Amino acid sequence: MTQFPHTRLRRTRMTAWSRDLHRETSLSPANLIWPLFPTEGHDQEVPVGTMPGVSRLSVDRLAKAAKEAASLGIPAVALFPHTSPARRSEDAKEALNPDNLICRAIRAIKDAAPEVGVLTDVALDLYTSHGHDGLISDSGEILNDATVEMLVGQSLNQARAGCDIIAPSDMMDGRIEAIRAGLEGDGFHNTQIMAYSAKYASAFYGPYRDAVGSGGVLKGDKKTYQMDPANAREALREVAMDIEEGADSVMVKPGMPYLDIIRAIRDAFDVPVFAYQVSGEYAMLEAAIAAGVLDRGKGVLEALMSFRRAGCSGVLTYHAPLAARLMGA
Ligand SMILES: NCc1[nH]cc(CCC(=O)O)c1CC(=O)O
Ligand SMILES: [Mg+2]
């Protein structure tokens, strides 16, 4: 028995007011987190070749970007410092330097725009000479527990500099519990943890590795710690563990190829879920725009809406300032 013409789903789509009234999902600048790449020097804006429209910024320029975020209604920025080979080492000790680039960037941003939340990545790839997220044994294994100890130190270093959200992206087991204990022990009761819980060993991180300077140095792949792109149930176990260990929110990364994972997490847990629309996704969209096959305004917002529809509270996206402007900010 057909419902037509009794039911005409096109009826509610006929006018703009009616489409507005029936829209199921909203997207606003408040749903965006803007990733930024600090670099050394003053008055520096160094384009990232593989990410058209994205530049590494010196600390003074970062302060301006943070003010821009505030004026656009973007609630938070995320920091990924570019680290030169000279500051990289086997033991990643620069991660613990209280005056390292990321700590200076945090302080400058908090000074310039205290109302903007600052999220910092925790993982050793920003500081290792081999580009891996963890310490390596003589036999070439990425060491879990020794790395976790370093991650606690790195987190405390960034919390002391004033960061609001610690975001561990390393995928070591047990790090959320260790970092939470470290933060509590040091009096940082209100420093949040956004766990990169389901982070996949993805081909979409290439441009980012150029941006932070780990691309050229990375030896091998990250398959012994990042997840297999074929796995979904395992993502739910990762999330369950991170909630248990004290994560305030969780993240899925990359974004667009993993919308099914976001939805599965949203349905299974009541924890806030975020997604990282990563560098390769940004580059892919920009390449299509440059080739004249995608409308920038519509394409960017449609991609971001997909995250909200899948169940995300918010999205880390390099398109954050553009998207906020497109939304009328
Ligand atoms: N700790 C690593 C890290 N933190 C953020 C990104 C990727 C972000 C992007 O591609 O935009 C990566 C990539 C990697 O695992 O090599
Ligand atoms: Mg885990």
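Here is a walk through the ligand shell and the annotated sites of this predicted model.

Let's start at ligand 1. The residues around ligand 1 are Asp121, Ala123, Asp125, Asp133, Ser169, Tyr205, Tyr208, Arg209, Lys222, Val278 and Ser279. Sorted by class, that shell holds 5 charged, 4 nonpolar and 2 polar residues.

Now for the "active site" label, which UniProt, in an unreviewed entry, gives to Lys199 and Lys253. Lys199 sits in strand S9 (residues 192–199), while Lys253 belongs to strand S10 (residues 249–253).

Both lysines are buried. Lys199 counts as buried because it has 27 C-beta neighbours inside 10 Å, and Lys253 does so with 23. Leaving aside residues up to four places away in sequence, Lys199 touches Ser169, Met171, Gln226, Met227 and Lys253. On the same terms, Lys253 touches Tyr196, Lys199, Tyr200, Ala275, Tyr276 and Val278. Two of those names lead back to the ligand: Ser169, a contact of Lys199, and Val278, a contact of Lys253, are among the residues around ligand 1.

One more annotation to visit: the unreviewed UniProt entry puts a "binding site" feature at Glu238. That glutamate lies in helix H7 (residues 233–245). Glu238 is buried too, because 22 other C-beta atoms fall within 10 Å. Again setting aside residues up to four places away in sequence, Glu238 touches Ser197 and Ala198.

Key: Residues numbered from 1 in each chain as written. Chains lettered and ligands numbered in written order. Predicted model: local features only at pLDDT ≥ 70, side-chain atom pairs only at ≥ 80, totals over all residues. Near = placed C-beta within 6 Å. Nonpolar A, V, L, I, M, F, W, Y, C, P; charged D, E, K, R; others polar. UniProt positions renumbered as here; feature names shortened; annotations may be inferred. Helix = DSSP H or I, 4+ residues; strand = E, 2+ residues; numbered from the N terminus. Buried ≥ 20, exposed ≤ 12 C-beta atoms within 10 Å, placed from the backbone. Contact = placed C-beta atoms within 7 Å.
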